[in-house]
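Here is a short report for a first look at this structure. Keep the model open as you read.

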Amino acid sequence: MKPEVKPQESFPWWKTTTVYHIYPRSFKDSNGDGIGDLRGIVSCLDYIRDLGFQTIWLSPVFASPQVDFGYDVSDYFSVAPEYGNNEDLKLLIEEVHSRDMKILLDLVLNHTSDRHPWFLVSCESRDNPKRDWYVWRDGRKPGGKAPPNNWRNEIGGAGWHYHEKTGQWYWAAFLPCQPDLNYRNPEVRETMIGVVKHWLRFGADGYRLDIIGNIFEDPLFRNNPMCLTFLPGSDKPGMLFRSHVMTKNHPDTISFMKELRKATEEEEPPQRLLVGEVSGETGLIREFCGKEKPDGLHSVFTFKVMDTPFTAKGFRKLIEELETCFPDPFIPAWAFSNHDRTRRISVLGGSIEKAKLNAALLLTARAIPFVYYGEEIGMEQSQIPMKEAKDGLTPYFYRRVPRFLLPILQKISMGAVNRDGCRTPMQWNDESNAGFTSPDAEPWLPVNVNYKSVNVKSQKNDPHSLYNCYRRFLRVRREYTALSRGGLHLLSLPGLSKGVLAFKREITPVVEAGASEKPNRVYVFLNFMKKRTRIPSPEPGLKAVVSTYLDVPKVEGDSFNLRPHEGVVLA
Ligand code: NOJ
C-alpha cells in the first residue's frame with residue numbers, strides 16, 4: 001500500500017520550532033549604558049543560531065516607565081529608548097529572518113501602564129471618551145469608599161484602587177500601576193487587534209501573550225467565592241482561600257482567542273505563533289487553543305512542568321495528563337525557567353547532571369520548548385537583597401508582608417517576590433562584567449559572582465559542558481523529525497526501573513513530504529536516579545544517537561546501561 005503523504009503545511013514552522021527567550025535588559029549591551037538593547041541582541045544572533053535555536057522571544061521592548069520592566073506599556077507603537085528605536089527593531093527582525101529564524105514579541109494586552117496617555121485621559125473625568133477603556137466602578141455604600149466587590153489581584157493584594165478626583169475605583173489584575181483595559185468595550189478590542197496586526201506587518205512572527213487569561217472579568221461584578229486554595233499553583237489560580245473565577249479564564253476570554261487567531265491569519269504570511277501565558281486546570285487552559293478544533297491560540301504554556309517533582313513518576317503523570325488534554329493537533333509549550341521564576345539549575349540544587357537531564361527531557365517531549373537565556377550554561381539564581389531589588393513587585397510585598405515572612409514567601413513562590421535573581425546579566429565570558437556591557441559600565445543588575453567559572457566562553461570549549469549538551473540535543477531534535485513532529489507514547493517495558501522515564505516518539509503511519517531520511521521512530525530514556533540501571537532495548541538493532549554524557553551507551557544484545565541521571569535517544 002502506498003503510504004499516505006502528509007502535506008508540509010500540517011507541520012507549520014511553529015509546531016516544530018525551538019525558542020530561546022531573551023530578557024532584553026539583561027542579554028547584551030551595545031552602547032555601554034549598562035542596560036541590554038536591541039543592537040546587542042543583533043550581535044548575538046549567530047550565537048543563538050549556532051547553539052541550535054530556530055526562534056527567539058523577546059520580553060517586552062515597548063516604551064514603558066519600566067516599573068515592571070516593560071510589562072507596563074505606555075506606548076504600544078514605539079520601542080523603549082533604552083533598548084533602541086523602531087529602526088533597530090526592524091534591523092533585528094531582518095537579521096533574524098536572514099538567518100532563517102523567527103522572532104516573537106511579548107504583547108501585554110490585559111493592562112497598560114498608569115502613565116499611558118489612554119489612562120491619563122480616562123482619569124480626567126467620568127464622562128471623557130476614554131473613561132470606558134478601563135474598568136471603572138462605583139464603590140460600595142456608604143459614600144462609595146469601600147471597593148466595589150471582594151476581587152483581589154494576582155498577587156494576593158487589593159485589586160481595586162480608589163481614584164479621589166473622580167470618586168470611582170479602577171481594577172488592576174496585577175500591580176496598581178497596571179490598570180486593566182476594558183475588553184467589553186468594542187473600541188478597546190479593535191484598537192488592541194490593531195496593535196497585534198501592526199507588529200505582524202512590521203515583521204514579527206508572533207507573540208507571547210502576557211496574562212491573557214485575565215482580560216475579561218465577570219460582567220456582573222459578582223464576588224469571587226471562597227475556595228480551599230491558600231497558595232496559588234499553576235493549575236489552581238485562587239489564593240488566600242478566595243477563588244479567581246470571576247476575574248480569570250472567563251468563558252468570553254476563550255472566544256476572544258478565536259478573534260486573535262483570525263486576526264493573525266488575515267495577515268500575510270498567515271502562519272504565525274500565538275502562545276498564551278495562562279494558568280488553570282490543564283483541560284481548561286487547552287480550551288484557549290480551541291474547544292473542538294484548533295481555532296484559538298496556537299499554544300499555551302503549561303506551567304505545571306515547573307511544579308512537577310523532578311522524578312520519572314512525576315513527569316510520567318504530567319505527560320499522561322498533557323497527552324490527554326492536548327492530543328495532536330494541539331501542542332503545549334514547555335518552559336522550566338523564565339523571568340519570573342527561580343532559575344532552573346538552582347531549583348535542581350545546582351546539579352549539572354540534573355540540568356542536562358532536564359534539557360534532554362525538554363528537547364525530546366512533545367511540546368514547543370522554550371529555553372530562558374543563560375539556562376544553557378546553568379546560570380544560577382543570584383541573591384539580591386529585597387531592599388535593593390529593582391523589580392517593581394518587590395516593594396509591593398515589602399510594604400505589606402511582615403519581614404520575617406518574605407524569605408519564606410520568596411521560596412514558596414519560586415522567586416516571584418524578588419525576581420531580580422533570575423534576571424541578572426548574561427554571562428558571556430570571564431572578563432569584567434562578564435562581557436555583558438563594557439568593563440567600566442555599571443550593569444543595571446550585578447552580574448552573578450560565579451561568572452568566572454559559569455560563562456559561555458568556557459563552556460563552548462568544554463565538550464562535557466551543559467552548553468554542549470544543549471547543542472547536541474538541539475541538533476538531534478532537528479535531525480530526527482520523529483522528535484519534532486512525532487506522537488508520544490509512554491513505555492512500560494518488562495524489567496525497566498520505575499526511576500526511568502521512557503517514551504517513543506513516532507511519525508505514523510504517514511511518510512511526510514520533506515521529512516529526513518532518518519527513521520520515523522526514536523526512543524527516549526531518562527534516568528532520574530543517581531545510580532546506574534540496566535535498560536531493556538525496546539526493539540533490536542537500535543543505537544544511542546545522543547546522550548547527556550559525551551559518549552553514548554552501547555546497546556549490547558538486548559539491553560544497555562544508563563549512568564546516573566543519564567538521558568539518551570535511541571534510533
Ligand atoms: C506576567 C509576566 O511574565 C510578568 O513578568 C509580569 O510582571 C506580569 N505578567 C504582569 O504583566
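## Ligand contacts

A polar contact is a pair of N or O atoms within 3.5 Å; within protein, one must be able to donate a hydrogen and the other to accept it, and residues adjacent in sequence count only if both atoms are side-chain atoms. In Asp 340, a side-chain N or O atom lies 2.5 Å from a ligand oxygen. His 339 places a polar side-chain atom 2.7 Å from an oxygen atom of the ligand. For Arg 419, the distance from a side-chain N or O atom to a ligand oxygen is 3.0 Å. The ligand alone exposes 300 Å², and the protein buries 98% of that (Shrake-Rupley method, 1.4 Å probe).

This is a predicted model: local features need pLDDT of at least 70, side-chain atom pairs count only at pLDDT 80 or more, and totals for chains, interfaces and linings use all residues. Numbering starts from 1 along each chain as its sequence is written, and side-chain values use heavy atoms, leaving out hydrogens and water.

## The shell around the ligand

## An aromatic pair

The whole structure holds 37 aromatic pairs (Phe, Tyr and Trp rings, using the six-membered ring of Trp, with centres within 6.5 Å; stacked under 30 degrees, edge-to-face over 60, the rest tilted). One of them is stacked: Tyr 76 and Trp 118, at 5.8 Å centre to centre and 20° between the planes. This pair links distant parts of the chain, 42 residues apart. Tyr 76 is in strand E5 (residues 75–79), and Trp 118 is in helix H6 (residues 117–122). Helices (H or I, at least four residues) and strands (E, at least two) are DSSP runs, numbered from the N terminus.

## Backbone features in loops

The peptide bond from Glu 268 to Pro 269 is cis, with omega near -10°. Pro 269 sits in the loop between helix H8 (251–265) and strand E11 (273–276). Asp 328 and Pro 329 are also joined by a cis peptide bond, with omega about 15°.

Gln 66 is not a glycine, yet its phi is positive, about 65°. Gln 66 belongs to the loop between strand E4 (62–63) and E5.
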